[in-house]
Amino acid sequence: MPQIKRTIVVVSLFLFVQAPLPLKPDPQLKISVDLLTAMAGPRAAAEPLHVWVYFRDKGLKGEAERLQAVMETQQILRARCQWRRAKVRPATNLADFEDVPLSAVYTDQVQPLVTRVRAVSRWLNAMSVEAAPEQIRALAALDCVAGLDMVRSFRREKNPGRPMNRFLAGPSSPSPIYGPAFSQLNQINVLPLHQQGLSGRGVLVCLMDVGFRKSHEAFRLAHLVAEWDFVFGDGDVQQNLNDPKDYSDSHGTATWSLLGGFKFGQMIGPAFGADFILARTEDDRSETPIEEDYWTAGIEWAESLGAEVVSSSLGYTDWYQFKDMDGKTAVTTRAANRAASLGVVVVNAAGNERRNAWGHIIAPADGFDVIAAGAVDSSNKIASFSSPGPTYDGRIKPEVCALGVNNWIAQNYPQDESDFYTRGSGTSFATPLVGGVAALLLEAHRDWTPSQVRAALMNTAGNASSPNNDFGWGIVNAAAAAAYAAPPRSRR
């Protein structure tokens, strides 16, 4: 028996000696394939890359510290945010671990190693930075870093309709009140709600876009609650015409006017009486103006202020593939899903990609709880550019449609800063009409959750009995949606 034990020990020692020693983890494995590809490309030598730095945790030790951090985070939630979250969550669980701020110990390790910090996301437990290839390799060697990936850049196509013309006159209108904006509201049956006195009053709406001409006459009565420029990091979302580095604010001016503008006889949006948050999340100086880190930072900020509706337009990215349009992969989609789970109605453009090589919806329109807006013309036909569904996992998209061809929009003339109105097309312009109707529904039903708003819009739309991947559930019917008997809400 002792001989057998001795043999086992010798064999064990032999196997131990022969076994390879554990290798130190290769930091390179933390870098995504897309980022490695970009690091080897010509752009990396010319300018810093935009990079997501994902952390392994939030630097808290043990369950007690985690619970304490969540409790402290819940205590500092703004009242408006608490009220909205309480519609979808029990009072004891208004905040969770995703709301806890990033570890300062971790961010302090990253900051000296990068060219610039761009944005921070509590929900993703990540920060976006600008870094050269050698800096990226240094980041990968940090123990606190779980992974590094590209910040994806999106493209918003140029207006697919007729070009802007400040002298373009509107058609004769059957309404001296609404002017040329009458047809885009009449098509989605908004007027009966205005006649009932609904205007979005008390509802907090966030628009995320390239910039906003706040001085335009269409916004003189607008109640602006907050604004932030996530591109330049300042509190002014309007273009500074004296700054050659500043950029256009025409697209945001158009979308805001469609949702909440008010100029008697000229421009009236569905939710002209709402409270507004404006976030500049696009950099119009580049060919790929929309970047997901600014959008993610923008929707986190809006949610924290208590936003009830978010209206935005995004284009697809060169780095994502159609298989990523599965409702859970793209960064903006994950952020949109998170916002919806916290009580925010998220309305996003389906995209203008029907006729190009992409040919699908765009992120975050693929989100499970996102209301994707498609575009129709004045004859109720699907717009030739409006992105079709389905999502990669087979869900019907878009949810609903509104006018997106030759919409009447507010604009500004850069040379003399004068205000004017013109026409433009795109799912970008259908989106704020749907977002405005969502605000009317929330004014009429203050306790409705995002899922109830979404159900009301879809189940009363023009194609509800036979939804498809062109129209979704059809053209919005605002009055019918307001009268809809929504199913009981549920808290998670």
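## Strand pairing

Two strands count as paired if DSSP finds at least two bridges between them. In this predicted model, strand S1 (residues 49-55) and strand S3 (residues 126-131) meet that condition, because they are joined in the antiparallel sense over six bridges. Within this pair, Trp52 stands opposite Ser128 in S3.

## The four-stranded sheet

S1 and S3 belong to an open sheet of four strands, ordered S2-S3-S1-S4 and paired antiparallel. The edge positions are taken by strand S2 (116-121) and strand S4 (145-150); each has a single partner strand, so one side of each is left without a neighbour in the sheet. From one strand to the next, the twist averages 25°.

Two helices pack on this sheet. Helix H7 (residues 133-140) touches S1, S3 and S4, and its direction makes about 150° with that of S3. Helix H11 (residues 292-305) touches S1, S2, S3 and S4, and its direction makes about 45° with that of S2.

## Helix H13

Helix H13 covers residues 427-444, which is 18 residues. At 1.5 Å a residue, H13 should span 26 Å, and this agrees with the 26 Å between its end C-alpha atoms. Of the 18 residues of H13, 17 are buried, so the helix is largely enclosed by the rest of the structure.

## The protein as a whole

The protein has 15 helices and 17 strands. Its residues number 492, and 56% of them count as buried. Among contacts with a separation of 6 or more, 78% are between residues 24 or more positions apart. The protein exposes about 20600 Å², and carbon and sulfur atoms supply 55% of that area.

Terms used. Residues numbered from 1 in each chain as written. Predicted model: local features only at pLDDT ≥ 70, side-chain atom pairs only at ≥ 80, totals over all residues. Heavy atoms only, no water. Expected span 1.5 Å × (residues − 1). Buried < 20%, exposed > 50% of the residue type's maximum accessible area, 1.4 Å probe, protein only. Axes fitted to C-alpha atoms, helices over the stretch in contact; angles between N-to-C directions. Contact = heavy atoms within 4.5 Å. Areas by Shrake-Rupley, 256 points an atom, 1.4 Å probe, with all protein chains shown as cover.
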